[in-house]
Amino acid sequence: MALSMCFVGAAIADTGGLRITIRGSDGPVAGATVKISSPSSLISKTATTAADGTVRVTGLDPATNYTVEISATGYNDFSASNVAVVSGKDLSLGYALGGGGDSGNGAINLDAIMVTGSGLAAIDTTSAVVGTTLTLDMTESLPTARSYQSYLQLVPGVKPSVGGNPASKSGVNYSDIGGAVGSSTDNLYYIDGVNVTDPSTGTFGSNLNSEIIQEMQVLTGGIPAEYAGGQGLISKVITKSGSNEWHGSVNYYLQNDRLVSKNKHLDDSSFSTYDTAVTLGGPIIKDKLWFFASYQRVNREEDVVDPVTQDVMRTVKQDSDRSFGKLTWQLTDRDRLTATFFNDPLDRSGSLDPTVPNNRDLTRKQGGNNYKFEYSHDWDNLGLDVYVNKHESELSQFAASNDPFNNVAFHNGLDGASNTDINRGGTGSNLITNRDSKEFGASLDYLLSTNWGDHTFKAGFLKGEGTYEEQTVYPAGPRYTSISAGDSGTTVGQYMGQGGYAWRGPRAISSTDISRLMAATGLSQDDLLAKTFTDTTGNPYDQVNVYRILQSENEGLAYTVKSKQTSFYLQDSWTLDKFSANVGARAERTEFVNSAGTSIHKFDWNISPRISLAYDINGDGRSKVWAYYGRYYDPIRADMADFAGAVTGPTYDEQINIDGQWYTFRQRGPGDAAIAPNIKTPYTDELMLGYATNFGQDYAFSVTLTKRETKDIMEDYDLGLYSDPDGVGADSQAPEGSYFYLPYSYFGYADNPGTNYVLGTLKGGKREYKGLEVTLQKVKSNNWQGMMSLTLNDAHGNTNSDGNADYQGDWIALDPRAPNAWGPQPGNIKRQFKAFATYYWDFGLELSGVFNWNSGTLFSRTWLTSSRHLPMMDDPYEYEGVTDTWLTAGSVGSEESPSYSTLDVRAKYTKELPVGKMEVFLDIFNILNRQSTTRVQDLVAGDGIYNFGEAVEWVEPRRAYLGVRYSF
């Protein structure tokens, strides 16, 4: 084997590399010594250029303050500062010799010419990964909400999200539950390699002080085999470490109602917030052992205003404490040990949602501890990384009122029914949950250079376990869903909406329950639908009894279920001349363990191919075209294990009131659900094409085309509707042999398993996404930096399902194969434009702005049942042998909220002091004070506060945020 490129160091976890080319007037400069070092890293590396003038150095800690020092025989020594290294990338830099004059001793000066930029603008011409690297210098210069979740909004194609869990590309951005928009469960969140994704909900599970972030990478496509997930975005936060010098900071930020413009839609409410933090880092033993620590406290008090009366309903107080500590021990030049701890306890006294009346208020307690230990070793061309981590997170809610729960629906007097009329009593339940996870992993990186190119082989193993612990208490007894006293005499059929009978307020029984109701009451279908609701005995607030749910056994008993994951990956990044290929595969397997400790299902091994090809157009590391194909299997969350594995928890009886008697028609809890033996894991296939290039030293431009398809979507099925050999089409059941009928064998059974529901693969369910993304970035130079992006996309599908939370599988009218189910994907935003920029003056002043525009969010015309916003339905008619209330044509994804834009600005002044520096900040969010509509009412009957099509959420009024920081 003959070396074609000299390389030094093996890549280890969360490190990056540089590909450096040195050329003179006569061609490549061989034998030049290159030293790379940073005050933010415990290690420096030295290498010598090969015959072609190139050297590759890997295993470098992410930082933007590297110095590259070059020594070449016959030339003066030269150094370049502020070189950036990005984790997971090998950025190309070039230096050219020549043009220098005689220095007086016969040597020629080495003139530095950045061929591919300062680092952040440089293109990794060997990679097809699509993502954005956000450095501390970048985020600190921009008006943001001071959280890694808010930084996601800077990334091209990421959709708006008030809660910090945004969708990206094909990620689901809508839930039937509450008609929620802007909360995706498809993302993965990492902090220093700790997976802090909530194992139950798939949302972020930890917070931290944003000032300790060294680098944040957000990957949105072209994901290589070393990463799980990919349907949503992958957020990777790498925190600061100590250094040989002492560094620290103290800051204080504040905001209150005096710094906010008048609200045009709701009466102004009083609030105040402060955010203060301290950081300290330095050497315990110079060049050997460093530490870094941080503590942050965030406090907020806010009045919640009734949207109808404009009166102050309550004052909500929230306190959050965030601690962080890291030890970095460079045992030898080749061995490193890192220990990390962080936590984020939070207490909140109530809900900030103005549609939640005081009687339905909830207090919240959340947060927990996180631990990680990591060891790495470097054998020149081989790197080893071993880690173990644990994530703890509580998320509990407690009712502010222990009055009995009663949801009341109105037909007579529908238009006059208020939110308070509908929502009677307290929430009726206290929920205590813990969502913990732990993980062990190891990876190897091997660098090999031959006459046939350079290879970077990566292999890894991961063993993880997510647990979900729940305790639910009904402090006031059964929870009721009723009709108003004025609707006494309503028939069961009218309650189900037959004949276009309209309602305002939630209902708990639908036509899908008919067969169970018949079995429980002994009535025929005609007799059942003709029965009237008139009984008020024992009903809270003297309304008419329809439905209630109660804990009949093991009341308030806690239980724990588990989800275990095992995965392996192997990939090879191969570069030969101008061509680079990354070929890899990831194998993943999930196992569910029920609350009795018994394994209830092991999914098949899933193999995810990930293949990319990149071509360096001119061979100078400045531009590339590339293609990518990959399959991403959806990480299966612990809520699936909860649904099918809660065998020791409470038993819940669902009851209907007929002629003054309560009949149990369904029992939930133990035995509620099973997992189909042949269930498949949901996956997304991605095909991408792209082009990227550098302009000058500091500009990067890219165009990306993306096509995605999501299939094998998971849902829970009611086999009584889909698989009963005696089913009849007249009562929303699929007759045997009909189009919608799914025999027991479809799920892998010979007979009915005897559970209410079965988790299976949603027949015919599919989502499609096509997108174009254009990005232009200018890295910091000549006193300014900035980026702009345009995203265009089209998303269609026949399901919003994301696990067992939706009604598909429980109602044939909502089946993906049903008429009018296919349509534009609710929650999608077709067009987005983003831009941000910062200008720096030499006397310490900085001005910056962030602009966001989107074309509006697609939504369906819906009605409300059991907290679900379902697309509008027609009167019953027969289709493919089933008579049901099929979806109304054009109801799915047919509406679009108005477009809107925001402009936020920041002014920052820095004053250098004899020791350290002082910084003063002023952020003004929504400086143009355009309080535009961001969401409209999708319920055709309204909700007692807002009518269909009326605005329900707006951009917040113009508000200022003040801050000061001292650092040294």
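**Reading burial and salt bridges**

Modeller: Arg668 is partly exposed, at 22% relative accessible area. Buried means under 20%, exposed over 50%, and partly exposed in between, with a 1.4 Å probe and protein chains only. This is a predicted model, where local features need pLDDT of at least 70, side-chain atom pairs count only at pLDDT 80 or more, and totals for chains, interfaces and linings use all residues. Residues are numbered from 1 along each chain as its sequence is written, and side-chain values use heavy atoms, with hydrogens and water left out.

Biologist: With which residue does Arg668 form a salt bridge?

Modeller: A salt bridge is a side-chain nitrogen of Lys or Arg within 4 Å of a carboxyl oxygen of Asp or Glu. Arg668 pairs with Asp672, with the closest N and O atoms 2.9 Å apart. Asp672 is buried, at 5% relative accessibility.

Biologist: How many salt bridges does the structure hold?

Modeller: It holds 41. One of them joins the side chains of Lys531 and Asp659, at 2.7 Å from N to O. Lys531 sits in the loop between α6 (525–530) and β33 (532–533), and Asp659 in the loop between β40 (651–658) and β41 (661–668), so the pair ties together parts 128 residues apart in sequence. Helices (H or I, at least four residues) and strands (E, at least two) are DSSP runs, numbered from the N terminus. Lys531 is partly exposed at 23%, and Asp659 is exposed at 56%.

Biologist: Is Phe410 buried or exposed?

Modeller: Phe410 is buried, at 10% relative accessibility. Its C-alpha lies 5.7 Å from that of Ser484, 74 residues away in sequence.
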